[in-house]
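Colleague: I've got a model open and I'd like to know what the labels on it really rest on. Can you take me through them?

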Amino acid sequence: MSSWISTLARWLLGGVLIAAGAIKMVNLADSAAGVRAYQLLPDAMAGAVGWTIPFFSILLGLVLLAGAVTRIAAIVSAVLMILFLAVVASAAARGLSVDCGCFGGGGEVAPGQAEYGIEVIRTLGLLACAGWLIVRPRSRFSFDRAVPEEDPADDPDRETSLIGGRR
């Protein structure tokens, strides 16, 4: 049953990353403006990050959908989600009103128009998917399944008891 949950988590997380990246690619300038609105990076660096995020999101999503190096992709996804939560918390604490631009658009919005609560809930859900995949990366319909799981009995450094059994 856990392999099916892992499959759904992998598809959900990968699908959201691909959709978010593809929507942002339509207008990379808006993506850059969204990053600039958080006022955390120098302008040039914020622009570069804004232009890079869509491509990286799509690549990471494709890796997850394929089920290749799932645990590593899940760790990278979790780090991204945690960074985003920190950025949103920083914006809220500084009184900024920013549309995250997660699915296009982005940038400063009128005071009270930021939807930080929804952004946090959505991000926590995606973080939960990533967390599940870190713990249980094996899933159905994945390239990871083509790689045999490690068998602890194959470990030559593992001690054996006097009667020939493993401890």
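Colleague: Which helix gives the most to the lining of the largest pocket?

Modeller: That's α3, with 6 residues. Helices here are DSSP runs of H or I with at least four residues, numbered from the N terminus. Keep in mind that this is a predicted model, where local features need pLDDT of at least 70, side-chain atom pairs count only at pLDDT 80 or more, and totals for chains, interfaces and linings use all residues. Residues are numbered from 1 along each chain as its sequence is written, and side-chain values use heavy atoms, with hydrogens and water left out.

Colleague: What makes something a pocket, and what puts a residue in its lining?

Modeller: On a 1 Å grid over the protein atoms alone, a pocket is an open set of points with protein on both sides within 12 Å along at least five of seven lines, and a lining residue has an atom within 4 Å of a point. The largest pocket has a volume of about 750 Å³, where volume means the space filled by probe spheres set on the points, joined across faces, edges and corners. Its lining has 29 residues, and Lys24, Val35, Ile53, Leu80 and Phe84 are the closest to the centre.

Colleague: How do the lining residues divide into nonpolar, polar and charged?

Modeller: There are 20 nonpolar, 7 polar and 2 charged residues. Ala, Val, Leu, Ile, Met, Phe, Trp, Tyr, Cys and Pro count as nonpolar, Asp, Glu, Lys and Arg as charged, and the others, Gly among them, as polar.

Colleague: Where in α3 is the kink?

Modeller: At Ile53, shortly before Pro54, with a bend of about 30 degrees. That bend is the angle between axes fitted to the seven residues ending there and the seven starting there.

Colleague: Why is Phe141 called exposed?

Modeller: Exposed means over 50% relative accessible area, buried under 20%, and partly exposed in between (1.4 Å probe, protein chains only). Phe141 has 57%, so it counts as exposed.

Colleague: And why is Gln39 called partly exposed?

Modeller: Its relative accessibility is 45%, so Gln39 falls in the in-between class. Gln39 sits in the loop between α2 and α3, and its phi is near 55 degrees, a positive value in a residue other than glycine.

Definitions and conventions. Helix = DSSP H or I, 4+ residues; strand = E, 2+ residues; numbered from the N terminus. 1 Å grid on protein atoms, 1.4 Å probe; cavity = no way out; pocket = protein on both sides within 12 Å on 5 of 7 lines; lining within 4 Å.
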